Amino acid sequence: APAGTPVAGAGPVPAAAGASGGPRRLLYYRNPMGLADTSPTPKKDPMGMDYIPVYEGEDESAAGGATGLPGQVRISTEKIQKLGVRTEAAAMRLLGKTVRAAGRVEPDERRVFAVTAKFEGYVERLHVNATGQPVAKGQPLFEAYSPELVAAQREYAIAMQGLEAMKDAGPEAQAGMRQLADSSLARLRNWDLSPSQVTALMKSGQPQRTISFPSPVSGIVSEKKALQGMRFMPGEMLYQVTDLSSVWVVADLSEQDIGLIRSGAKARVTTTAYPNEAFDGRITYIYPTMKAETRSVPVRVEMANPAQKLKPAMFAQVEVSVGGKAPVLTVPDSALIDSGTRRIVLVQLQEGRFEPREVEIGARGENHVEILKGVRAGEQV
C-alpha cells in the first residue's frame with residue numbers, strides 16, 4: 001500500500017522522507033526484535049509489538065554484525081521506554097566479589113588435651129567434678145592412689161637411704177647404689193611425678209600415698225570420665241581440657257568458588273547469636289577433599305576468641321572478599337546473554353539501534369563480568 005495508507009490491524013503508516021525530501025518506497029515490515037522474519041503488510045509479533053517499516057535505503061536485515069550474527073536490532077524510543085532498556089558503557093574496573101559460605105565453630109584441635117595416667121590406680125578425690133567447669137593451668141583436677149606408685153617411691157627412698165649409709169664404702173658399691181637410686185627416680189619422672197613432688201620425696205624420704213593430677217592448660221573441662229573411687233588403667237582418658245581462647249570456623253565452600261580462595265585470605269565471620277558483631281579471622285587451610293553430597297570443599301578459618309563468645313557447634317556465616325589486583329574490561333552481568341553455547345551482548349550503535357556481538361568472558365564479580373574479546377572500552381551495551 002502507498003505510504004500513509006491505513007491498513008487493517010495496524011496504525012497508519014507514516015510517509016518516509018528521502019534524501020531529496022520526497023517520499024521513499026516502502027520495502028517491507030521487519031520483526032521489531034531483529035529476528036529473521038519480514039512481512040509485506042503491517043502486523044504484530046506474539047508480544048503485541050508492531051513490525052517496523054523498512055524503506056528504501058534502510059534495508060538492514062541483510063547486514064551482518066562483526067561476528068556474522070543476524071543484523072542490527074532496531075527499537076523505537078517508545079518501546080525502549082516501555083521495555084525499560086538501559087545502557088552502560090563497558091569500562092575498566094577492579095572486579096571484586098564476596099564469597100559467602102555457611103560454617104560451624106569447632107575447637108582448635110591443637111588446643112585439646114587429654115589427662116591420662118601411666119599407671120594403674122584409683123581415683124581418691126575429685127577437685128573438678130563437672131563438665132564445662134573452667135580450670136587454670138596447673139590447677140589440680142583429682143588425686144589418685146596407686147600401689148605401684150607407692151612402691152616406686154619406697155624403692156627410691158630406700159635407695160637414697162642406702163646411698164647415704166654407704167658414703168664411706170668403696171667407689172664401686174657407691175656407684176651401684178647411685179645407679180639404683182637414679183633408675184628409681186627416672187621411673188617416677190616417667191610416671192609424670194611433678195618436680196615439686198620429687199623434691200618433697202627427696203627431702204622427706206617418705207612416700208606420698210596419693211598423687212595430684214594438674215590441668216595441662218587453661219580452658220574448660222570438655223569431657224570428664226573420672227568418678228570418685230573408680231579404678232583406672234594405664235592410658236585411660238580421665239579428663240579432656242579444651243583451650244577455647246582460639247577456635248576454628250570450618251566453612252563449606254561451593255565448588256564454583258573454591259578457585260577464588262587462597263590460604264592466608266582474610267575472612268569475616270558473623271553469627272546468629274551476635275548479629276551486630278563481626279569477628280575477623282584468616283583462612284589457614286583448604287581441605288584436599290570434596291564432600292560429594294553437597295559438592296563443597298571445607299576451608300578452615302582460625303580466629304581469636306578471648307571472650308569465648310564463639311562456642312563449639314555454633315553456626316556461622318563466613319564472607320571472603322576476593323578480586324583481581326588490576327583493572328579489567330567489564331560490562332554489567334545483566335547485559336550478558338548466555339545461551340550455553342555462546343555469549344552475546346547488544347552494543348548500542350545509536351539511539352534505538354543495537355548490534356549483537358559474540359564475546360569471550362573471564363571472571364565474574366558481584367554485578368559485572370570481565371570481557372576478554374568482542375567489546376571495546378567505552379562502547380555502550
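Before I start, a cut-off I need: a residue counts as buried under 20% relative accessible area, exposed over 50%, and partly exposed in between. Also noted: this is a predicted model.

Entry one, Arg74. I found Arg74 in strand E4, residues 73–74. Its relative accessibility is 24%, so I put Arg74 down as partly exposed. Then I checked Arg74 against Phe354: they are 280 residues apart along the chain, yet their C-alpha atoms are separated by 6.3 Å.

Entry two, helix H2. I traced H2 over residues 147–165, which is 19 residues. From first C-alpha to last it reaches 27 Å, close to the 27 Å expected at 1.5 Å a residue. Which residues of H2 are buried? I listed Leu149, Val150, Ala152, Gln153, Tyr156, Ala157, Ala159, Gly162 and Leu163. I looked at what these buried residues pack against, and got strands E10 (140–145) and E11 (210–214) plus helices H3 (171–190) and H4 (195–204).

At what angle do H2 and H3 pack? I read about 155 degrees, with the axes 9 Å apart. The angle is over 145 degrees, so I call H2 roughly antiparallel to H3. H2 passes H3 in a left-handed crossing. On the H2 side, the residues making the contact include Leu149, Glu155 and Met160; on the H3 side, I noted Met177, Arg178 and Leu188 among them. Sorting the contact by class, I have eleven nonpolar, four polar and three charged residues.

How values were computed: Residues numbered from 1 in each chain as written. Predicted model: local features only at pLDDT ≥ 70, side-chain atom pairs only at ≥ 80, totals over all residues. Heavy atoms only, no water. Helix = DSSP H or I, 4+ residues; strand = E, 2+ residues; numbered from the N terminus. Expected span 1.5 Å × (residues − 1). Buried < 20%, exposed > 50% of the residue type's maximum accessible area, 1.4 Å probe, protein only. Contact = heavy atoms within 4.5 Å. Axes fitted to C-alpha atoms, helices over the stretch in contact; angles between N-to-C directions. Parallel < 35°, antiparallel > 145°, perpendicular 65-115°, else oblique. Left-handed = near helix turned anticlockwise from the far one by under 90°. Nonpolar A, V, L, I, M, F, W, Y, C, P; charged D, E, K, R; others polar.
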